[in-house]
Number of protein chains: 4
Amino acid sequence: MVTQVNHRVNFYDTDAMAVVHHANYIRWFEIGRVEFLREAGITLNELMKDGFVFPITEVSAKYVSPARFDDELIIETIPTALTKVKMAFDYRVLRVLDGTLLVQGHTQNVFTSRETGMITRLPAKYYEKLKAALD
Amino acid sequence: MVTQVNHRVNFYDTDAMAVVHHANYIRWFEIGRVEFLREAGITLNELMKDGFVFPITEVSAKYVSPARFDDELIIETIPTALTKVKMAFDYRVLRVLDGTLLVQGHTQNVFTSRETGMITRLPAKYYEKLKAALD
Amino acid sequence: MVTQVNHRVNFYDTDAMAVVHHANYIRWFEIGRVEFLREAGITLNELMKDGFVFPITEVSAKYVSPARFDDELIIETIPTALTKVKMAFDYRVLRVLDGTLLVQGHTQNVFTSRETGMITRLPAKYYEKLKAALD
Amino acid sequence: MVTQVNHRVNFYDTDAMAVVHHANYIRWFEIGRVEFLREAGITLNELMKDGFVFPITEVSAKYVSPARFDDELIIETIPTALTKVKMAFDYRVLRVLDGTLLVQGHTQNVFTSRETGMITRLPAKYYEKLKAALD
């Protein structure tokens, strides 16, 4: 399952080069990841109430072309790996108007206990949903 | 007591007009407020461990002149009112190079219980420190 | 004309109190303002190409109730005053789920020449659209 | 030459997990990079006035341990490669109190013409300073 979510570039997302500041895409990968989980049937709030958090351990991005104020973007989220303790995603950010690929990204996240802060195995009720969404 | 803290404008603080985005000054008032508390002998972490938070209920700002990338700024924090349940501050953001006043601001904060989320009276150990700093 | 635009609270919009950081609402007023202009038939990009910018000179906000991660919000933008050199707006941020008013705000903006940085009179082609939208 | 710059974690840098949001470190790498250039004798403002910009083409980060509100951090910037058209840096973010390594990062930047947006060769007056700083 690949999910898509739209995001319009705000004025406050730009920097003095009149393009989107590169750190904002890292934030937008999060929008994509949260949407992916939602479409897989999991909300972060539900996960957190059950005592799990899903912190990032690695992120990378390649910047291909800049986005500008008021551009309508699509954030694509593609799951690439899943075990009971971690999950990885690729991301593609594209401009709606012309389909240009702007940024590619990758994150590695781990399932972690809120209480102990330690990596922990995800229970079946979540794992099965993610497994289904990965295929 | 008036406190001063320096802040250099980062590239990511600017927007497509090549000036600091106006919402960032609201963040910087917080830097000033935290520094004021610290110089009054109170850290927010200590307050929070004791079960208090200090949320904002009102903020206002007047933008006089824009700051730009790499400007060295001073954030001045001036306490203007204190009761056992709330505290108000004025702020002035100035450019170090020429002393230009860039932004003036005001916030109203309330002492709140972390547990109940309700406004609560600050214990003497904190109130006395703030009272001393106000004079 | 009152305009509405939706915004879902991102995880990166929250702070260590597990609520939306107060400075983000100031950013979201901008989302509302840009949408108001768009529905009035004006894009900021068009204004800027014509040599005008629309900086904020004053902002204020009252925080009534906190928003949390994943809340779906409505940003309402209400024009309150217009002359050829400035425009003022009120804002209301509400939670969709229960209609709770979270934040009220106000901004004062001025029409400014990009070239000179001076306040300037807006040409009729923009002013008439805004005037129509105000009524 | 390795440069160090200090940064105290602001409340607005944290998220609902009560730790620094991961995207902020990408911003802080920029603080490190700007400081590196400054210590090498180059300001970004000077580069930009000369018609050059220095956009990022790749970024990566590994998150080892979280920073929290009010932590005093050191951002270390280590140059790893330089040609006339690009430069790469490694970053290490450490907590001052205990020296803990929190985040490691890497960026690839390219020297670009502001006018054309194309990658361009850096003139000797800048290149020589960077070359000296790399050794």
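**Exercise 1. Chains B and D**

Find the rotation that superposes chain B on chain D, and the shift along its axis.

*Solution.* The rotation is 180 degrees, with 0.0 Å of shift along the axis and an RMSD of 0.0 Å. Copies are superposed by least squares on the C-alpha atoms of residues with pLDDT of at least 70 in both. In chain B, B:His7 has the C-alpha nearest this axis, at 5.0 Å.

The model is predicted: local features need pLDDT of at least 70, side-chain atom pairs count only at pLDDT 80 or more, and totals for chains, interfaces and linings use all residues. Residues are numbered from 1 along each chain as its sequence is written, while chains are lettered from A and ligands numbered from 1 in the order in which they are written.

Next, take the contact between B and D. Chain B gives 12 residues and chain D gives 12 residues. (Two residues are in contact if their C-beta atoms, placed from the backbone, lie within 7 Å.) On the side of chain B that touches chain D, α1 (23-39) and α2 (44-49) of chain B each supply at least two residues. The largest share, four residues, comes from α1(B). Helices (H or I, at least four residues) and strands (E, at least two) are DSSP runs, numbered from the N terminus.

Sort that side of chain B by class: six residues are nonpolar, three polar and three charged. Here Ala, Val, Leu, Ile, Met, Phe, Trp, Tyr, Cys and Pro count as nonpolar; Asp, Glu, Lys and Arg count as charged; the others, Gly among them, count as polar. Finally, 100% of the interface residues of chain B are also interface residues in chain D, so the copies meet through the same surface.

**Exercise 2. Chains A and D**

Work out how chain A is related to chain D, and which element of chain A gives the most to the side that touches chain D.

*Solution.* Start with the superposition. A rotation of 180 degrees, with 0.0 Å of shift along its axis, brings chain A onto chain D at an RMSD of 0.0 Å. The two copies are therefore related as by a two-fold rotation axis. A:Ser60 has the C-alpha nearest the axis in chain A, 2.0 Å from it.

Now count the contact: 14 residues come from chain A and 14 residues from chain D. In chain A, α1 (23-39) and β3 (56-63) give two or more residues each. β3(A) gives the most, with eight residues. By class, this side of chain A has eight nonpolar, three polar and three charged residues.

Then look at the strands. β3(A) pairs with strand β3 (residues 56-63) of chain D in the antiparallel sense, over five bridges. (Two strands pair if DSSP finds at least two bridges between them.) A:Glu58 stands opposite D:Lys62.

**Exercise 3. The sheet across A and D**

Trace the order of the strands in the open sheet of 10 strands.

*Solution.* The order is β1(A)-β4(A)-β5(A)-β6(A)-β3(A)-β3(D)-β6(D)-β5(D)-β4(D)-β1(D), with antiparallel pairing. β1 (3-8) of chain A and β1 (3-8) of chain D stand at the edges with a single partner strand each, so one side of each is left without a neighbour in the sheet. The twist averages 20 degrees from one strand to the next. (Axes are lines fitted to C-alpha atoms, for helices over the stretch in contact, and angles run from 0 to 180 degrees between N-to-C directions.)

Six bridges join β1(A) to β4 (residues 72-82) of chain A, and the two run antiparallel. A:Gln4 stands opposite A:Glu76 in β4(A).

**Exercise 4. Helix α1 of chain D**

Decide whether α1(D) is mostly covered or mostly open, using the number of buried residues.

*Solution.* α1(D) is mostly covered, with 13 of its 17 residues buried. (Buried means 20 or more other C-beta atoms within 10 Å of a residue's own, exposed 12 or fewer, partly exposed in between; C-beta atoms are placed from the backbone.)

Just after the helix, D:Gly41 takes a positive phi of about 95 degrees.
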